[in-house]
Amino acid sequence: MSSPLDLYSARFWLFVIIAVAVLNSLVSRSARTWAFALMNLAFISLYLGKKTALLLVGLLALMPFLRLLRSGRSGPACLFLGGIGTLVLFIFNKRPDLFVARVPALEHLEYLLVTIGFSYVALRLYELARAVREGRHQPPGFAEAVNYLLPFHMLAAGPIQSYDEFVAQPAVRSPLGLSDAMDAFERIASGLFKKYVLANLIQRLLLTDYRPTGPYALFEAQLTFIWLYLDFSAYSDVAVGIGRLMGVATPENFNRPYLARNIMDFWERWHISLSQFIRRNIFIPVQVALIRRTDGQRTLLVASLAFSVSFLLCGLWHQISFRFLAWGAFQAAGLIICNLYRHRLTQRLGGRKGVNQYLANRWIRVAMTALTFEFNVVAVFIQTYPFEVPAWIPGQS
Amino acid sequence: MDSRPELVTQAAAGVPPWRFVARGLWIALRLIAVFYLGQSGGRFFYQGF
């Protein structure tokens, strides 16, 4: 039986049809909220079975915890403990074997803990706790919490919606018109075509896990990056299309990343919801803390440190392994060099106007775009090449 | 009275109905390709993140 998260699963599409029909037939906000929450829980139950009851207990326990955070009586220790708890669940999601080897009884709860610690859910949980703790929003009701943390159409591969955006969506959607529905179908068809035809053909016909060496390995590295885009962005296309049909705000995750002129621009176009999460929750807090410590001096050094922390953590979020730590370090190095280069360029060309004129040159634009593409080919190569890693390096998979 | 208000609106906005139909066919064509060429599962790099 296929996983309900598999877009090729008939159960997934049956679920979508029911969700679209139900949500479009309801007008009041509370009815829509509860209907969507029940559908999200029903979808999760396809995955968890009877253990869904334990998930419900966990969600119910989350409600008083969020109210405690909001009350201001919790103190930093409460947030710290919540953060540690989320982190442990997240690590459990990545490496359940580490935990089950020590406590065999956890094997019975493995599916449940993996679901809660699932990368996208863990990030949403953190985002929600932070928004409530900082007083930006009231603690959500049970149904709203379910809809924010476990939206079935965004579980497979995001996007990671910010809690601010979730709260800001209109209370009542405008009726689904034929033109809107057509746009949504187009998006879904485009996503499915990208994943199951284009990416699938590239994978089956051209990707070899780098078996041949020489020029083909170079060609395969380029293709792997293209394949990754087709496969990953397809999930976002499908999620955005389904979100439009249901009237559930679903953020865009890609914006023609191959046109990026530098690595900073790339991260504003690729996995946008993740890079915005990193900016909100890691980069800016680290940068602000360091600027305070250095009295506003050494801004370039501060930005470089903030990039390093952000992308090393981003690497580990992808996978707890040396490979992804190296990937994070590579991305951080690219961003630091890009930032330093931009600073030097601004100084040399006499300000932003001079830089804009310089960057408007067609040949420079083409060269920068090609360089950014190749940088990312190397990054994907680090992610995917079957390196022989020495046994003394921990956390390989 | 036309029972297809969206088509009428689109036509009034300068979008000919045949383009709307062509778009529908293009969507259907891609879905047929997915059905015949696609296969469940496959390698998905970001699965489980």
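**Exercise 1.** Is A:Tyr210 buried or exposed, and what is the relative accessible area of A:Tyr210? Classify also the ring pair that A:Tyr210 forms with A:Tyr385.

*Solution.* The model is a predicted one, and the assignment starts from the relative accessible area of A:Tyr210, which is 6%. Because buried means under 20%, A:Tyr210 is buried, whereas A:Tyr385, with a relative accessible area of 25%, is partly exposed. The ring centres of A:Tyr210 and A:Tyr385 lie 5.1 Å apart and the planes stand at 55°, so the pair is tilted. The partners come from distant parts of the chain, 175 residues apart, with A:Tyr210 in the loop between helix 10 and helix 11 of chain A and A:Tyr385 in the segment after helix 17 of chain A.

**Exercise 2.** Characterise the contact of helix 3 with helix 8 of chain A.

*Solution.* The two axes come within 10 Å and cross at roughly 115°, and the crossing is right-handed. Helix 3 contributes residues including A:Leu59 and A:Met63, and helix 8 contributes residues including A:Phe142 and A:Leu149. By class, the contact has nine nonpolar, no polar and no charged residues.

Methods
Residues numbered from 1 in each chain as written. Chains lettered and ligands numbered in written order. Predicted model: local features only at pLDDT ≥ 70, side-chain atom pairs only at ≥ 80, totals over all residues. Heavy atoms only, no water. Axes fitted to C-alpha atoms, helices over the stretch in contact; angles between N-to-C directions. Helix = DSSP H or I, 4+ residues; strand = E, 2+ residues; numbered from the N terminus. Left-handed = near helix turned anticlockwise from the far one by under 90°. Contact = heavy atoms within 4.5 Å. Nonpolar A, V, L, I, M, F, W, Y, C, P; charged D, E, K, R; others polar. Phe/Tyr/Trp six-rings, centres within 6.5 Å; stacked < 30°, edge-to-face > 60°. Buried < 20%, exposed > 50% of the residue type's maximum accessible area, 1.4 Å probe, protein only.
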